[in-house]
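Work through the exercises below with the sequence and the structure open. Each task is followed by a stepwise solution.

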Amino acid sequence: MNVQQVAVFLEHKPGRLAEISHCLAESNINIRALSLADTTDFGILRLVADDTDKARKVLKEHGFTVGVTEVIAVGAEDRPGGMDKILQVVSKAGLNVEYMYAFTKKSGESGILLFKFDEPAQALTAFKEAGIKILSGEEVHSM
Amino acid sequence: MIWNEKNETMPREELEVVQLARLQAQVERVYATVPYYREKMDAAGVAPGDIKTLQDIKHLPFTTKDDLRRNYPFGLFTVPLDRIVRIHASSGTTGQPTVVGYTRRDIKMWAEMMARSLAAAGVTQKDVVHNAYGYGLFTGGLGAHYGAEEMGCAVIPISGGNSKRQITLMRDFGSTVLLATPSYTLNLADTMAEMGVDPSELKLRVGIFGAEPWSEQMRTELESRLKIKAVDIYGLSEVLGPGVAVECIEEQRGLHIMEDHFLPEIVDRDTFEPLAPGEKGELVFTTLTKEAFPVIRYRTKDVCQLITKVCTCGRTFHRMPKVTGRTDDMLIIRGVNVFPSQIEEVLIGTEGVEPHYQLVVSREGSLDTIEAQVEVSEEFFSDEVRVLEGLTRKLQGNIKDLLGISCKIKLVEPKTIQRSEGKAQRVIDKRNI
């Protein structure tokens, strides 16, 4: 199973992010990684939580528009060139990245890149062929 | 100058005699020639012979825009098409547009109403008239044009748009009078500033502005920026087009209604009972002389009161103040009539869009803008920016196609649009008109 990502729609208004973090905190949900996409008019918060279903439920109860999507997580070496190695594979395979973000498990140990592709199946094949480590949902959610 | 001194300064008692005779003739003709009116009058139990005084008009049924739509396109015409010389239609794009027709005599009467309006604004045949009202199905352009020709002015039928060229020609031709919507005029003023044209280089001395509501603040703005006098003109295609009422340049306070051709009433907005002239209510018009397309007690949706105080200009016609409110939600955006329900149709017709929306009308610089706030439902929410922006573009495109206006779409979080407890407040107008 791939990594489950929770996406939340945000209007540009002060305090909205804090409301999200607060309701996750109150429900004892841990955030593994997050990124915020912003446009002139709105934002989309994307996060990977330790408990996707609970995070979704809690946010919905607080009136947010929430969507759950799958993203692909791959392991990268946490040193110069670690990310480049992976993106070279993506580039050679001619894959279009919708968005990506990254986090490190423990500095110097291993980095994790989260990808959203137009064609995830092809991406998985390309990564496998290049010998890049694909992380399962269980691994990422329980880190 | 008063164009038709005899009629425009007629003592009230004489005017009322003229009005009653014309009203009786009009009601009789409508009853005899338009089945729809006859059925409505029969249902209300009123016959043409019951109109014995001007006050008896209150027994006649009202006419609304719905009645006009129901009789699309020519159902309320009193004459066959071979006697019609002109047809205009409203911008109504969903549902039925309202269609109005004119006989040769109607066009002549209209030209006189416009000539009277120009004269009231101080225009004479020596003037060069720059007519920037839109020419076409909209009554503004041609209506004003015929009046200015009737007066003998040199008319420049420039219509709307292409502001830089408008200003160049205004300067080169020595235009002295500008006819336009107030918001377009502000746009022209902005363009002049961009072009480095000083309004004092121009010969403009008066502007006659209408087709959308505008405020006293706007008058001050237009007058000081363009170094002109700004005069308000009122009209609606269902009744005539421009020239139903106009301010006199002497007072610039209240618009004289051409009462020898249009009989105004003010009725209560809820009970529709007639109100005294000084009381505020919905403005209702009955045409007294129109041939092709008369209307009986047409509800304009404009809210105002009548000013009966005698005016210093010498006209005896009652005045109406500048129109500031409408009884329903019709919006006029840059001269285009827009009903919130039309935007609603586009929004709701698009998959995944919540039926909760709100329209915010404001003015940016000199132009009216409209923004539709739409709640993001789970159905159309996406984690990809591209998808959401694609959706807003699609909505914008659909609205533009259908209504011809640019409407900004703002996505908002669920439940952020205030839910109504009765009638929804769909429109927030920030224009401060």
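**Exercise 1: Charges**

Task: How far apart are the mean positions of the positive and negative charges of chain B?

Solution: Chain B holds 53 positive and 61 negative charges, and their mean positions are 3 Å apart. Lys and Arg count as positive and Asp and Glu as negative, while His and the chain ends are not counted. Each charge is placed at NZ of Lys, CZ of Arg, CG of Asp or CD of Glu. For chain A, with 16 positive and 20 negative charges, the mean positions are 3 Å apart.

The model is predicted: local features need pLDDT of at least 70, side-chain atom pairs count only at pLDDT 80 or more, and totals for chains, interfaces and linings use all residues. Residues are numbered from 1 along each chain as its sequence is written, chains are lettered from A and ligands numbered from 1 in the order in which they are written, and side-chain values use heavy atoms, without hydrogens and water.

**Exercise 2: Chain A**

Solution: Start by counting: chain A has five helices and seven strands. Helices (H or I, at least four residues) and strands (E, at least two) are DSSP runs, numbered from the N terminus.

**Exercise 3: B:Ser163**

Task: Is B:Ser163 buried or exposed?

Solution: First locate B:Ser163, which is in helix 7 (residues 163–173) of chain B. Its relative accessible area is 13%, so B:Ser163 is buried; buried means under 20%, exposed over 50% and partly exposed in between (1.4 Å probe, protein chains only). Then list the contacts (heavy atoms within 4.5 Å). Beyond its neighbours within four places in sequence, B:Ser163 contacts B:Tyr184, B:Asn187, B:Leu188 and B:Thr191.

**Exercise 4: Cores**

Task: Which residues touch the most other members of the largest nonpolar core?

Solution: A nonpolar core is a set of buried Ala, Val, Leu, Ile, Met, Phe, Trp, Tyr and Cys residues joined through side-chain atoms within 4.5 Å. In the largest, of 73 residues, they are B:Val123, B:Ile208, B:Tyr234, B:Phe262, B:Phe285 and B:Met320. Helix 5 (residues 104–120) of chain B gives the most to this core, with eight residues. Apart from it lies another core of 32 residues, including A:Phe9 and B:Val353.
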